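User: Please take me through this structure one feature at a time. I would like the general idea of each feature, then the case at hand.

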Amino acid sequence: MAALAFTHQNLLQFTPKLTPSKPKLKPKRTKTKLSIQTITTSPQASFTDQFVLQLADSLEDSLLSSLPLQKLRDNSSETLLSTQWPSRKDESFRFTDTSFIKNSDIKPISHPPKSITFLDVSRDTQFKSFDFFDGFLVDSSYDSSNLPDGVYVGSLLKLSSERILKRVCEFLGDFEWGDLFWSVNGLGAPDLMVVYVPEGCRIEIPIYLKYISVEAGDEGSKKMPLSNPRVFVLVEKGGEVGIVEEFVGKEGSQCYWTNSVLEVVVGEGGKVSHSYVQKQSLSAAHIKWTSVRQESTSTYELVEVSTGGKLSRHNVHVQQVGSDTVTELTTFHLCVGDQTQDLHSRIVLDHPRGYSQQLHKCIVGHSSGQAVFDGNVKVNRYAQQTDAGQLTRSLLLEPRATVNLKPNLQIIADDVKCSHGAAISDLEDSQLFYFQARGIDLETARRALVFSFGAEVIDRLPYSFVQKQVKDHVKELLQSTRKSSS
């Protein structure tokens with residue numbers, strides 16, 4: 001009789017062997033021999049992407065051991081072992097091609113630059129900044145003595161307060177929605193910058209974080225240095241702080257990969273005002289995660305302007321874990337070259353009387369440019385009397401410019417006020433005619449309308465010096481686009 005074999009990846013192989021006796025006058029029972037063999041199959045061999053495994057090994061080799069970060073690194077390393085590099089077959093990367101990164105020679109940066117002119121870094125800002133060079137927090141020009149008592153802003157490795165350390169470790173890395181890039185940062189972050197605001201404390205001056213990419217490959221080369229800056233913000237009950245993040249690189253079209261993570265926890269009645277400006281090289285890769293946890297009656301406000309990167313992707317996840325919570329996301333993306341500007345956002349409302357408003361605007365001014373928006377707002381069963389709105393508007397200035405929009409509003413609660421909308425267009429003839437009828441030439445009219453489209457978001461930046469920098473930068477980019485197309 002033929003042998004039957006059952007193979008299961010749970011590591012058991014079962015093979016019954018049946019041996020019949022010789023035929024006689026009386027039937028005789030057959031003797032059955034059963035053999036069970038244990039198969040040792042490595043989960044790593046079954047699930048691991050070899051490219052991801054090599055990347056993880058290079059990240060581990062590039063850093064010194066750090067006890068405060070060890071749990072984060074261990075969890076991230078374990079996650080990477082079962083994570084594939086994202087492809088266009090994955091729904092969340094359906095319109096975002098990451099092969100540009102994968103096909104490069106990725107080199108994790110193991111130390112900060114040896115020589116830096118610090119005065120050149122912060123001179124163009126009204127406030128002194130905390131400076132990250134290639135992902136490493138260096139001795140900053142920020143005067144911490146002006147901060148209120150109980151506030152800590154600095155490296156986790158230099159944190160002496162056991163109480164603050166314990167509070168940070170309660171939340172650090174506790175996030176189930178992260179993807180491969182979240183885990184790459186968790187494994188490769190050389191340090192963690194902590195912003196801690198105690199109960200009832202309001203910080204008047206914003207915490208200015210400036211990320212400077214120094215090490216880079218030349219345009220057209222395969223070299224891609226990788227940096228993994230990570231920041232954790234914890235605002236206790238009734239606290240308030242402003243966070244400004246600015247990402248820049250050296251002049252020119254140099255190639256590098258910035259893979260950044262910001263975690264924010266806002267306590268009951270607290271408020272975080274977050275400004276995020278991304279203007280890195282047009283040959284760079286910029287991947288960013290922003291994870292926000294909001295307790296009851298808290299407020300989180302994000303204003304974002306993103307113009308740089310050959311590939312730029314911002315993942316925003318906001319979880320409202322208390323009632324009467326306010327979330328506002330206002331974003332503007334600009335493509336002036338062969339770029340992909342991608343925003344993936346997710347807002348989850350679980351409690352009554354939550355409020356969320358999202359406005360996303362993008363301009364694609366190049367025939368090879370692409371913008372992606374995937375916005376998800378989920379109103380769960382107990383989030384009654386929720387007020388949630390989402391609007392995305394896109395302006396295409398070239399015939400082959402592309403935008404892919406996926407607004408998504410999931411409502412399970414039945415007592416809510418929710419809305420969403422999406423619009424894609426070029427400049428309207430009626431608007432241009434309005435200007436021309438008042439003696440304004442066509443080119444000036446187009447210039448004014450295009451800039452004002454993005455200025456609606458820029459004007460919401462809470463600090464005037466940031467507004468001015470961003471407006472000048474956007475005007476310069478739009479001017480260069482017009483020259484190249486003419």
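**Pockets, helices, sheet and loops**

Analyst: The lining of the second largest pocket takes at least two residues each from helix 7 (180-188), strand 17 (311-320), strand 19 (340-349), strand 21 (370-379) and strand 23 (402-411). Helices (H or I, at least four residues) and strands (E, at least two) are DSSP runs, numbered from the N terminus. The model is predicted, so local features need pLDDT of at least 70 and side-chain atom pairs count only at pLDDT 80 or more, while totals for chains, interfaces and linings use all residues. Residues are numbered from 1 along each chain as its sequence is written, and side-chain values use heavy atoms, with hydrogens and water left out.

User: How is such a space found, and which strand gives the most to the lining of the second largest pocket?

Analyst: Rolling a probe the size of a water molecule over the atoms shows where empty space is left. On a 1 Å grid over the protein atoms alone, a pocket is an open set of points with protein on both sides within 12 Å along at least five of seven lines; a cavity is a set where a 1.4 Å probe fits but cannot get out; lining residues have an atom within 4 Å of a point. Points are joined across faces, edges and corners, and a volume is the space filled by probe spheres set on them. The second largest pocket holds about 480 Å³. Its lining has 24 residues, and S92, W177, W289, R313 and H344 are the closest to its centre. Strand 17 gives the most to this lining, with 4 residues. By class there are 8 nonpolar, 9 polar and 7 charged residues (nonpolar: Ala, Val, Leu, Ile, Met, Phe, Trp, Tyr, Cys and Pro; charged: Asp, Glu, Lys and Arg; polar: the others, Gly among them).

User: How many cavities of 30 Å³ or more are there?

Analyst: The count is 4 cavities of 30 Å³ or more. About 70 Å³ lies in the largest cavity. It is lined by 13 residues, with E91, F95, H344, V372 and D374 closest to its centre. Strand 21 and strand 23 are the elements that give two or more residues to this lining. The lining of the largest cavity comprises 5 nonpolar, 4 polar and 4 charged residues.

User: Which residues of helix 6 are buried, and which exposed residues lie on the face turned away?

Analyst: I164, V168 and F171 are buried in helix 6 (residues 162-171). Seen down the axis, these residues fall within an arc of 65°, so they line one face of helix 6 (the arc is that of the directions from the helix axis to the C-beta atoms). E162 and K166 are exposed on the face turned away from the buried side. Cover for the buried residues of helix 6 includes strand 7 (152-155), strand 8 (193-197), strand 11 (230-235), strand 13 (257-266) and strand 15 (285-294).

User: In what order do the strands of the open sheet run?

Analyst: Two strands pair if DSSP finds at least two bridges between them. Here 10 strands form an open sheet of mixed pairing, in the order 6-5-9-12-14-16-18-20-22-24. Strand 6 (136-137) and strand 24 (416-425) are the edges, each pairing on one side only. Strand 9 (residues 207-213) and strand 12 (residues 240-249) pair in the parallel sense over 7 bridges, and Y208 stands opposite V244 in strand 12.

User: Where is D324?

Analyst: Most residues other than glycine have a negative phi. D324, not a glycine, has a positive phi of about 55°. D324 sits in the loop between strand 17 and strand 18 (326-335), and is partly exposed at a relative accessible area of 31%. Q385 also has a positive phi, near 60°, and lies in the loop between strand 21 and strand 22 (386-396).

Terms used. Buried < 20%, exposed > 50% of the residue type's maximum accessible area, 1.4 Å probe, protein only. Contact = heavy atoms within 4.5 Å.
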